Amino acid sequence: MTTRTEKSEDSMSTATPTRAPHSDVPTGHKAPEGRVGAGLFDPKQLLKSLPEACRKLDPRVMVKSPVMFVVWVGSVLTTVFSFKDPGDWFGWTISAWLWLTVIFANLAEAVAEGRGKAQADTLRKAKTDTVARRLAGDTEEQVPGTELRIGDLVVCEAGDVIPGDGDVIEGVASVDESAITGESAPVIRESGGDRSAVTGGTKVLSDRIVIRITTRPGETFIDRMISLVEGAARQKTPNEIALNILLASLTVVFLLAVATLPPFANYAGTHLTMVVLVALLVCLIPTTIGALLSAIGIAGMDRLVQRNVLAMSGRAVEAAGDVSTLLLDKTGTITLGNRQASEFVPVRGTTEAEVADAAQLSSLADETPEGRSVVVLAKETYGLRERHQGELAHAEWIAFTAQTRMSGVDVDGRKIRKGATGSVIAWVQEQGGTVADDAGTLSSAISQAGGTPLLVAVKDDQGARVLGVIHLKDVVKDGMRERFGELRRMGIKTVMITGDNPLTAKAIAEEAGVDDFLAEATPEDKMALIKREQAGGKLVAMTGDGTNDAPALAQADVGVAMNTGTSAAKEAGNMVDLDSNPTKLIEIVEIGKQLLITRGALTTFSIANDVAKYFAIIPALFAAVYPGLDKLNIMHLSSPDSAILSAVVFNALIIIALVPLSLKGVQYRPVSADKMLRRNLTIYGIGGLIAPFLGIKIIDLLISFIPGIG
Amino acid sequence: MGPVLAGILQLVALIGALALAYIPLGTYMARVYSSDKHWRVEKWIYKGIGADPDTEMTWPAYLRAVLAFSLIGVLFLYLLQRLQGILPGSLGFSSVNPAQSFNTAASFVTNTNWQSYYGEQTMGHVVQTAGLAVQNFVSAAVGIAVAVALVRGFARSRTGELGNFWADLVRGTLRILVPGAAIAAIVLVACGAIQNFSGIHEVGQFFNGHSMGGSQQWNGGAVASQEAIKEFGTNGGGYFNANSAHPFENPTPFTNLFEIFLLLVIPFSLTRTFGVMVGSVKQGYAILATMASIWLGFVALMMWTEFAHHGPALQLAGGAMEGKEVRFGVGSSSIFAVSTTLTSTGAVDSFHSSFTGLGGGITMLGMMLGEIAPGGTGSGLYGILIMAVIAVFIAGLMVGRTPEYLGKKIGAREIKLAACYILITPALVLIFTAISMALPTPPHSMLNSGAHGFSEVLYAFTSASNNNGSAFAGLNANTDWFNTMTGLAMLLGRFLPMVFVLALAGSLAEQKPVPATAGTLRTEKPLFTGLLVGAILIITGLTYFPALALGPLAEGLAS
């Protein structure tokens, strides 16, 4: 195994085979059941973001969104023309709604950004100015944290806030990283190995460590986190750029359609005012998606942040949606952290219950996860109550050590032992007993099935002998099989990466239902696998935390580094999971897909909307000169002015109505592309055709009640 | 048998014939463009023009070859007309004036075949046969070559190479168009179309509007051979001004149906060629289904509006018979009108101006869709593939992946090129029409006033920009303004899109392919076909809605 996760620590106390896959790492803000889709939206945020939305009316900001910039220019034009004809209520009303359209678009973006800002404020609190204890030779000097340079050595003791990102080069300490992860349980940081990285702004709870600073002040992890969640570093992603180009070209097409209309209308004998032309243009250009596009992107990043994943670029989030191969580490992702007892196999002449009883007794002094799992299995399958060490008088406990590789108990003249095959056989022989023939066969059968055999032996008045075998195996997390099935339906291949031998790997791979496995994996093997997949045009996602994972993390299209990992790993990946939960890779893929789906759905909706708007506006403009065109007024709108106004109002209101959807994202289910397309086309395509007919009619009804208009 | 039933039976026969030709012709064309063998006569040609047919070209090289070849075509055709007065075999016609020469040269090189002249009164044998007929072949071959280059862009990976233009041009002409047109010409002659080099015959005793005794001049000419390639290469430029309504070009109901078959067969079968070349005939079927649904829908609409038109005269005649030939009837004329405007043919066997208001609108909308159902030879295929790229981009997002089509990612560069492509023709149509309407003189060319007059101008620029070439009739297009402007519209409407098509092809050919998975949008499924039809109708339809409302819709909904 080249990668490790923190699971080995916390499973000491909590490993039970019945836990749901998503609950292994408790976090402060968990999404329900790890499914994407649920996001919080509070209408009050709209009000709160209003000042920011108005600030964004600055043309230098507006010009970044070509569609909304056209609306902005249109609003200016209609306002100017309204000033020239101040008695025209229609011009004023249209102008007001056009300005509202722009503000609504800005509001969507401001609300999306506002959610990140709250998070950034929390982070800033952690980034209070610290005083670093810098080592200069053997002496310590106090300097401000902002003056640290790469390579400086600093000392931190219990109670100190770590002044900057770095690696522990001396000592071991427990560190409170809740400022970043929201996780209150402290974590161990020690020199050497894959758990040496510390983050500035976190707090040492015990012991003393020496840290070598690896990042310049202002570029630390926490600084980057702040700029990421605030969206300050936000750049348009490739797909967003492509969509913007398409929207811009549609805008140009409709601009042409509207700009060439006046000579046609003049010939037909009617004069179109600037206000009407702008209204028509704004209704036709894809304002809905144009207004919400950047909010969708920000909200997509935010959904990751809510799940404690930091994407270093939006590009990585989009790539996640395209991933077709997932490399998953076996331990911690597919299986629970440790092997667990799964059955007791008696040798000839003994019963399963006898083996279970002896196994449990001999494991009470074994505090390793394997030992705990033997006790639990005996309790669950044979109803053997867990006996505490104090309950048995005169018992002498033999604890498990790495040297003896055995644990056991001497009680009432019985000696019971449990442990690795070789150790137990040696013990039996040493005690003058014989090893039953089938003990060997049973053990090798378990080995071949990918498990690990432990022998249980006893020495009592009948002599020393082997009672049976405990079958230890990797326990696949609940629900993983279904999860991999879903991924397969989404067209994603899963590859299990393990340091196990091929036999064991194959058995686990089959049980977990992954598509492929890489056994006895070295970092080079991993790298080669990624390159092979990429050569076939596939996008690869993986997780990793060790320094030797760094090249593979950098090579993968989506490399998720665990926060517990080394700084090299975090630097190489394009995402960091603060919870260090490798299973989250699957959610990251889903969030990436959801982001793209939301864009596509709202684009489709926006374009489909145009049909109804034409049916409202064209008869309103021309039915006076060509009465036949009134047949197109299938909504029976009350008057030409009301028809145009209704279309403009609908166009503005639909933006606000869709803000929650753009922030939450379109509901995503892991189904095949065909089913997904059918569903989304029905809702957003057909729905987009019909909805405005209803909406415009309703608004027209309301407007017609206003005296002097209808 | 009623005229409606007759129309439907003709439609069924036509579909049957197209279906029979689809696989053999489509597969044959794929072989033509994939073969590495050269015919002997082809080798002579390559030697003659100094081209190496085995050199692969990148997209800029391919484009340069297309543009250079076409430029020479325009210049040659222009000079030929300007010098007609001193050329032998010109039936005594004088040289054509500069504006009209430019217009006609642009028109035939761009596969538009818009005619602002009266064929039988302006062009002699030399210009007709050595100039116009030659362009009828090569302009169609250029269209197919560009389409094939785009298909190669989809089919090839990690290379920027799109094939060799000269090889594609020569093969398309010699292996597809010449043999096809030769067979078609024989069929047409057998059915009564004329084929000779005789002069002008004065034939007498006609009713001249007041009394008997007027006379007509009838030209002889190599009509059948030109007629064959006029349809087979989706050209549409008739030997006579009356085009396919003239009995020498299109004598019988059978030849009428045969001509419709000819103008549809290559564009439809090219979807098979596409399918074979990209390695999935199903992808070809999906595009075919898209083209066929639009075409069939338009035919049904046209028949409905032409048959159902009210008014006692129309009902007595069994439909809107004004401007239609009695020997073809409403049904066959409707199929012809829809087919000629949904391809870039522009041949007419009836007068689109005389169709019902809505019927005229259908012919216009057909061209406005960009002539993609099934479109011109080659241009139809590349046009619909561009729309497929746009549809895939929007729909592909809805399945949660960066959009991809035929294993190629549709990123910012691809969408930029596709978006530029779809901008061009609407820009040309709307801007030229708007300027023409705004200026004081051009509207004088209109024959009618009101919405119908506007339709005449709109139709002219729609036809020219989309390289259709059919005329609404009514408009006097032989003015310096219209000759120059439609000429420009034709050139820009033909070659600007080709720039973007070839750039897109180059960009696609450079990509490495993305393997299809269960998460990939299935572009060979009916769902995608439906989506593509919807995208084409909504995106291009919406662009022209205001203009259509003031022309054909205003007229058609008036009653």
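Modeller: Start with one pair. Leu135(A) has Leu153(A), in β3(A), as its bridge partner. Strands here are DSSP runs of E, at least two residues, and helices are runs of H or I, at least four, both numbered from the N terminus. This is a predicted model: local features need pLDDT of at least 70, side-chain atom pairs count only at pLDDT 80 or more, and totals for chains, interfaces and linings use all residues. Residues are numbered from 1 along each chain as written, chains are lettered from A and ligands numbered from 1 in written order, and side-chain values use heavy atoms, without hydrogens and water.

Biologist: How many bridges join β1 to β3 of chain A?

Modeller: Strands of a sheet pair through backbone hydrogen bonds, either parallel or antiparallel. Two strands pair if DSSP finds at least two bridges. Three join β1 (131-136) to β3 (153-157) in chain A, and these strands run antiparallel.

Biologist: What is the strand order in the open sheet of chain A?

Modeller: The order is β2-β1-β3-β9-β4-β7, six strands with antiparallel pairing. At the edges, β2 (139-144) and β7 (197-198) of chain A each pair on one side only.

Biologist: How many cavities of 30 Å³ or more are there?

Modeller: A cavity is a set of points on a 1 Å grid over the protein atoms alone, where a 1.4 Å probe fits but cannot get out; lining residues have an atom within 4 Å of a point. There are nine.

Technical notes: 1 Å grid on protein atoms, 1.4 Å probe; cavity = no way out; pocket = protein on both sides within 12 Å on 5 of 7 lines; lining within 4 Å. Points joined across faces, edges and corners; volume = space filled by probe spheres on them.
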